[in-house]
Amino acid sequence: MDIRPFEPRDEAAVVDLWRSCDLLRPWNDPHRDIVFCRDSGHGEILLGEADGELVGGVMVGHDGHRGWLYYLAVAPERRRQGFGRRLVEAAERWLTDRSAPKAELMIRHENAAAMEFYRRVGYRRESRAVMGRRLDGAPWPAEDIPMEARPLPPVDITITCLEMLAPPDAPPVPAPLMKLALLRAERPSTGFYLYLYDAVGRDWTWVERKHMPEEELGAIIRDERVEIYVAYVGGVPAGYAELDRRKRPDVELAYFGLVPEFIGRGLGRHFLDWAIRQAWSSGPERVWVHTCTEDHPRALPLYQRFGFQVFAREAATLDPNV
Ligand SMILES: CC(C)(COP(=O)(O)OP(=O)(O)OC[C@H]1O[C@@H](n2cnc3c(N)ncnc32)[C@H](O)[C@@H]1OP(=O)(O)O)[C@@H](O)C(=O)NCCC(=O)NCCS
């Protein structure tokens, strides 16, 4: 494939290509978009040709601050041959030649294939909300439902259950040098509990308890046999461990985790070791824990290092909306 800039004779073929790639939207006039881009003085449409045919294209431009990619398209019958990657690379070269420090693009929420393509060619998803306003008086497209109003896709996960059949025999892990206090939250309010749960689990798809009826959650967290220990660093909640002693003779380490800002400061190992010893303090037959592939990737090896052994694995689907 050869890549070259757009020429006026390409217009009809380019619009056909965009149409065949489902990139046209009723509120965008593709002919106007071509003229607007090329007349701007800081945008270009790069086209890929193979065997004398138009096989792909990308619109690239910068706004004086960042570079943007639009209308990336490879003809359906020419996909998966590296053309998309080469067009993106050509657009990136166009931008670096003009000193743009960053390339960005927007992907429609339902276009999971484009997201995967961009991930493979080195792009990462950023946590920004895109806001917009029509300046031409055109109505806002009804199908543009804000992302936060859309259901999140279900996630396939593997749950691993691990157990310890005897208390640890190694010496306790010393506390890190920080102003640390480990305190039991006695009969916590659901509000405080959900704050902890979200602060620790937000990045790891901890959703189950957020959607539990308040009474049901309250009954669990205020049960005498459920112990919630909060790690405070400098008076600020930095993580929590929940021990569930309701199913004797087992104790489950039902939840354990740190708030993201406190990960990597030596607190996790000490707090986990402390929680395990606390679990063993009532003389159970076994202490067990489960973790899933959505949890922090270091959770499973950490539990194994502390003496837990895998006893079951099961596949499940996690619906983040339930
Ligand atoms: C997205 C698109 C441009 C990709 O073009 P392509 O020529 O097939 O992509 P490439 O062959 O260069 O693929 C590059 C990498 O992405 C991967 N990839 C491409 N399409 C993919 C898909 N649908 N799902 C998963 N991975 C995909 C390839 O396997 C390859 O990965 P690898 O390098 O790790 O092997 C093309 O599918 C297209 O035109 N789609 C419709 C228009 C569109 O959605 N544009 C983006 C709007 S934001």
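Predicted model: local features only at pLDDT ≥ 70, side-chain atom pairs only at ≥ 80, totals over all residues.
Cys21 is a buried residue, with a relative accessible area of 14%, where buried means under 20% relative accessible area, exposed over 50% and partly exposed in between (1.4 Å probe, protein chains only). Cys37 likewise counts as buried, at 8% relative accessibility. The structure holds 0 disulfides, a disulfide being a pair of cysteine sulfur atoms within 2.5 Å. Cys21 takes part in no disulfide, and its nearest cysteine sulfur, that of Cys37, is 17 Å away.

Residues are numbered from 1 along each chain as its sequence is written, and side-chain values use heavy atoms, with hydrogens and water left out.

The domain assignment divides the protein chain into domain 1 (2-149) and domain 2 (155-318), with bounds that come from an automatic or database domain assignment. Taken over C-alpha atoms, the centres of domain 1 and domain 2 are separated by 46 Å.

Helices (H or I, at least four residues) and strands (E, at least two) are DSSP runs, numbered from the N terminus, and two strands pair if DSSP finds at least two bridges between them. Strands β2 (residues 43-50) and β3 (residues 53-62) run antiparallel and are joined by 8 bridges; Ile45, for instance, has Met59 in β3 as its bridge partner.

Axes are lines fitted to C-alpha atoms, for helices over the stretch in contact, and angles run from 0 to 180 degrees between N-to-C directions; contact means heavy atoms within 4.5 Å.

Arg245 is buried, with a relative accessible area of 7%. Its side chain makes a polar contact with the side chain of Glu227 (2.7 Å); such a contact is a pair of N or O atoms within 3.5 Å, and within protein one must be able to donate a hydrogen and the other to accept it, with residues adjacent in sequence counting only if both atoms are side-chain atoms. Leaving aside neighbours within four places in sequence, Arg245 is in contact with residues including Arg225, Asp250 and Gln278.
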